[in-house]
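Subject: Structure for your review

Dear colleague,

Please find below the sequence and the structure that I am handing over to you.

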Amino acid sequence: MNELHTDLPTLRRQIHQELGRVWIGPSRTIDALLVALLAPGHVLLEGVPGVAKTTLARAFTTVLGCSFRRIQFTPDMLPADITGAYIMNLRDQEFVLRKGPVFSHVVLGDEINRAPAKTQSALLEAMQEQQVTIEGDTLPLPDPFMVVATQNPLEQEGVYPLPEAQIDRFLLKLEIGYPTAAEERRMLETYDQSVAEVRPLLDPHGILALRRLTARVHVAPEMREYVVALSEFTRRHARARLGASPRASLSLLRAAKANACLDGRDFVRPDDVRALAVQTLAHRIVLTPEAEMDNLRGVDLIGEALAKVNYRGPADPSRGA
Ligand SMILES: Nc1ncnc2c1ncn2[C@@H]1O[C@H](COP(=O)(O)OP(=O)(O)OP(=O)(O)O)[C@@H](O)[C@H]1O
Ligand SMILES: [Mg+2]
């Protein structure tokens, strides 16, 4: 286990290198995917068409070296297309379970907001419970189990926005923006690299070991105070109809631990919390209609929380310090 710890920065570098072969973009996005992997949690990539959401998600899931399925969400999709169903086997005259694509370690839910709410919730239930219920039978999903979903921003036509209760199940939402001009030029030079060339660098056991390591990262009491204060700030905010939930606080703390672990540290610093606050909290904030009309966004509210809520404790609150 300890050797894994010292190896994590190396593994992180390798993953950046591997993904960099097919995806050109800010390295903090790749780090955020790794945070979700370790925390552990599920991740939602949001961006307009053509910014390589699917490319990045596919490359990342390949690197994980786990069983993998992609579910392309469409308006005519049914929950059973995700979870599976009992099918009559005509030869033996009995019902057999045909497991759906959700029974894999890693699921890429592509364009998740193109399916109706009932179908989305089949996946989102699996995400929360790590199990699915098919006609009354509860079946466990593999461990690790991670969903990487993509969606177009909600203003686009032909989408069914994810309900608040469901968006809360994503540990992180990452906004995938346009590349810089330099990045875009580099992409045009290297466009013939295919995602199929990405090599796996992990496997299910390796991922579980990394998650155990993350779970042991030390959190000082002051850090918990800080997380609670940030969440409370969003709940009290006059422009928020719905602030960060207790699940959101837990997510922020877990993401901060994963961030520390990726850095090769065994304790959380206030900077870990700050670094992940927007990505873990902003998507869960529901603004008042007036605030929305003023074009205020969840991101702005979290920015305000970070500016106004002070962390009260030592900068390096390592164990025993
Ligand atoms: N930053 C980038 N790095 C590498 N390739 C890119 C980048 N941006 C766009 N591309 C290329 O653009 C094409 C579109 O990418 P992709 O299908 O992944 O986009 P998407 O965001 O999933 O789009 P949609 O919302 O329409 O599904 C791919 O061929 C991809 O290689
Ligand atoms: Mg896509």
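Which residue in β8 is the bridge partner of Val-107? The partner is Val-147. Please keep in mind throughout that this is a predicted model.

The sheet

The bridge between Val-107 and Val-147 belongs to the pairing of strand β5 (residues 106-110) with strand β8 (residues 146-151). Four bridges join β5 to β8, and the two strands run parallel. Both belong to an open sheet of five strands, in which the order is β2-β5-β8-β1-β9 and the pairing is parallel. At the edges lie β2 (68-72) and β9 (170-175), each of which pairs on one side only. On average, neighbouring strands of this sheet are turned by 15° against each other, direction ignored.

The crossing of α2 past α10 is right-handed. On the α2 side, the contact is made by Asp-31, Leu-34, Val-35 and Leu-38, while α10 contributes Ala-255, Ala-258, Asn-259, Cys-261 and Leu-262. Sorted by class, this contact of α2 with α10 comprises seven nonpolar residues, one polar residue and one charged residue.

Helix α9 (residues 221-236) also crosses α10, with axes that come within 10 Å and an angle of roughly 135°. That angle makes α9 oblique to α10. The crossing of α9 and α10 is right-handed. Here Arg-224, Val-227, Val-228 and Ser-231 of α9 meet Ala-248, Ser-249, Leu-252 and Leu-253 of α10. The classes in the contact of α9 with α10 are five nonpolar, two polar and one charged.

The surroundings of the ligand

How many residues surround ligand 1? There are 15, and the closest are Pro-49, Ala-52, Lys-53, Thr-54 and Thr-55. Helix α3 (residues 53-63) gives the most to this shell, with three residues. By class, the shell around ligand 1 has seven nonpolar, seven polar and one charged residues.

Backbone details

Most residues other than glycine have a negative phi, and most peptide bonds are trans.

Ala-52, one of the residues closest to ligand 1, is not a glycine, yet its phi is positive, at about 75°. Ala-52 is found in the loop between β1 and α3.

The peptide bond that joins Ala-39 and Pro-40 is cis, with an omega of about -10°. Pro-40 sits in the loop that lies between α2 and β1 (42-46). A further cis peptide bond runs from Asp-143 to Pro-144, where omega is near 0°. Where does Pro-144 lie? Pro-144 has its place in the loop between β7 (137-140) and β8.

Yours sincerely,
A colleague

Definitions and conventions: Residues numbered from 1 in each chain as written. Chains lettered and ligands numbered in written order. Predicted model: local features only at pLDDT ≥ 70, side-chain atom pairs only at ≥ 80, totals over all residues. Left-handed = near helix turned anticlockwise from the far one by under 90°. Contact = placed C-beta atoms within 7 Å. Nonpolar A, V, L, I, M, F, W, Y, C, P; charged D, E, K, R; others polar. Near = placed C-beta within 6 Å. Pairing = 2+ DSSP bridges. Axes fitted to C-alpha atoms, helices over the stretch in contact; angles between N-to-C directions. Parallel < 35°, antiparallel > 145°, perpendicular 65-115°, else oblique.
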